[in-house]
Structures are given as C-alpha cells and as structure tokens.
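Please open the structure in your viewer and keep the selection panel at hand. The stops below are meant to be followed in order.

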Amino acid sequence: MAALRQSKIVYYLYRLGGALVPRIPPRVGYALFSVVGGAAHRLNATARANVRQNIRHILAPGTPAAEINRLARETFNYVAYNYYDLFRLPTLTDAEVNARVQVHGWENVERALSLGKGVVMTSAHFGNIEVVLYAMLLRGVAITIPAERVEPPELYDYLTALRTSKGLKLIPIDGPMIDLFRTLRRGGVAGIAGDRLVGGEGAVVSFFGAPARLPDGHVRLAMRTGAPLVLGFSRRVQRDRYEATFEPHFEIPEDGTDEERFAAGMAYVVRGLERAIGAHPEQWAVTVPIWATEATVSS
C-alpha cells in the first residue's frame, strides 16, 4: 500500500511538471533542472555509485577519482535536462526543432531506406533522444520504438503521451513486437536501444574491454527481416542545442553461420556505442549498472 501511494505521488509530480515546465523559459529552466540534477546526485547514493562505476569502465585505467566524480555529477545534470526537454516537447514547434538540431549523415539514413526494407536503428541513452527523434520525424520518417513500462500505469500512459506528441509510435517492450515488423515493411524505422538491457536475455560482449550484457534485439530483428542496421546518436552541444549523427548502414552478412552473422552485427553496434559514449561519457544518461561481474563473452 505504501509503495502504491508513493507511485501515485510520483505520478502527480510528473503531471505538475508537465503543467508548469513549458511555462519556464530555457534560460531559467535549465538552471533550475541543474539544481534538480544536483539534488538527485546527492540524495540517490545507489544511482551515484552506478554512474561512477560505469564511467570508470569507459575511461582509461588510472583516471583520477576527482575526474570520475566530476563527470558523474555532470551526468545527473544531463538526465535532468532531458526531463526538462520532455516536459516541454509538446509545445515545441517544427521551426524551433529545426533551428536547434544540427543533423549530420542523414544521407546515410536515406541510402539505407532506399534498399526498401526499412531500417533498424540503434542508439544509446545518450545526449537527448526526444528532440532528435522529433527532428527525424520532420524528415518524413515513420518511427516505432519499444518502451519500458513504469509504474503506476497512469505514469506510463502520461510519459507515452508526451513522447508521442509529435508522431513517434511507442509500444510496450513486454508486449508483441509485430508493430516493429509492420513499420519495417512500410519502409519506416524500428528503433531499439543498444546500451541497456530491459527485456530478454541479451548477449554478453566485450564493451570497453570488459564483459557486459547488452541488448541484442536490434541485430536479431535485422537478421530476421534483412533490414540494414543504422547507428544514430544525439549529443547536447549546448543546453538547448543538439547534434544528431547517423553512421553508414551495416547489412548483416548472408554468408556464414547464424552465430557468425550475429557476431558481425553486434560488433558493428558495440564499436559504434564505444565511439559515441567514449567521446562524451558524461552525456550517457544511464544510472543502472551495465557491466557484468562474472560472464563469458560471446564470440
């Protein structure tokens, strides 16, 4: 009963944020949410320890603890900024998004789409996802993404309404995935995060030189449908300015065993994740542990 009451309080706080935040101008809003990020950093010891441990895996051995702590503190700011952006997403205009998002490599997406099989796009919880997805939708691409359920159900429904306010389609990650296949058949984009395992068994791979269990649904979907894989990453350049980068597509090899073909797809994704996250680890908005403690790395 206490947990239910607490989840309801969280829901109403989110609704209050959704009502008030769009009225706060960015100059004030980002400063305010930096304070929120600082409070979360101080009060959530578990998340703080997880972020520090994740950053230790990314940085070179021997990196001073002070540098790790500084980057971890910044991570909480970026998480908070993303919530500010999400709350005001429904009020953003097409012109505002086009002015704030600089896109690189869109020709790579167009080239992949021209193959006629849709695109399986993989990214990370990195930079700002919501605003960059909006910029993609403005280019006429249909996008479907599985989303993790949160409690209570009213909160999940509210967050879904915010995220889908500009045309994005979300489906629950624990439900049927048929809409991903439909999107691909219609020449759209099926987006699946590659950095945090939420459902399924995933695959244990070498990630920044240590075993980590990462999602593998993107590779398996590409293998099953023949759709090319595309890596796309967002990055926050300034508080309200973003950069989206899309890499050349990768097609799962037709030759070889299923294990070899799967390994090739995972290698493409993992190496791309390492490049993006390694360049700006503070923008990796993941507050749960990623690395396995004891596991056998998939070949």
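The model is predicted, and local features need pLDDT of at least 70, side-chain atom pairs count only at pLDDT 80 or more, while totals for chains, interfaces and linings use all residues. Residues are numbered from 1 along each chain as its sequence is written, and side-chain values use heavy atoms, with hydrogens and water left out.

**The sheet**

Begin by selecting the strands, bearing in mind that helices (H or I, at least four residues) and strands (E, at least two) are DSSP runs numbered from the N terminus. Seen in order, β1-β9-β8-β2-β5-β3-β4 form an open sheet of 7 strands with mixed pairing, where two strands pair if DSSP finds at least two bridges between them. At its edges are β1 and β4 (169-172), each of which pairs on one side only. Neighbouring strands are turned by 25° against each other on average, direction ignored; axes here are lines fitted to C-alpha atoms, for helices over the stretch in contact, and angles run from 0 to 180 degrees between N-to-C directions.

Zoom in on β1 and β9, which run parallel and are joined by 4 bridges; Val-101 has Tyr-242 in β9 as its bridge partner. Helix α4 (residues 65-88), by comparison, lies across β8 and β9 and runs at about 100° to β8.

Now select α6 (residues 106-113), whose buried residues are Trp-106, Asn-108, Val-109 and Ala-112; buried means under 20% relative accessible area, exposed over 50%, and partly exposed in between (1.4 Å probe, protein chains only). These residues cover an arc of only 155° around the axis, and therefore lie on the same side of α6, the arc being that of the directions from the helix axis to the C-beta atoms. They pack against β1 (101-104), β2 (119-123), α7 (129-137), β8 (229-238) and β9 (241-246).

Moving to α7, 8 of its 9 residues are buried, so this helix is largely enclosed by the rest of the structure. At the start of α7, a side-chain oxygen of Asn-128 comes to within 3.2 Å of the backbone nitrogen of Glu-130.

**Ser-234**

Which strand holds Ser-234? Ser-234 is found in β8 and is buried, with a relative accessible area of 5%. A polar atom of its side chain lies 2.7 Å from the backbone oxygen of Phe-126, and the side chain of Ser-234 also reaches the backbone oxygen of Asn-128 at 2.7 Å.

**The cores**

Select Phe-207, Ile-277, Trp-284 and Trp-291, the residues with the most contacts inside the largest nonpolar core, which has 46 residues; such a core is a set of buried Ala, Val, Leu, Ile, Met, Phe, Trp, Tyr and Cys residues joined through side-chain atoms within 4.5 Å. Its largest share, 8 residues, comes from α11. Apart from this core lies another, of 42 residues, among them Leu-92, Val-109, Ala-147 and Phe-246.

**Arg-73**

Finish at Arg-73 in helix α4, which counts as partly exposed at 26% relative accessibility. Arg-73 and Glu-282 are 209 residues apart in sequence and 8.2 Å apart in space, C-alpha to C-alpha.

Technical notes: Contact means heavy atoms within 4.5 Å. A polar contact is a pair of N or O atoms within 3.5 Å; within protein, one must be able to donate a hydrogen and the other to accept it, and residues adjacent in sequence count only if both atoms are side-chain atoms.
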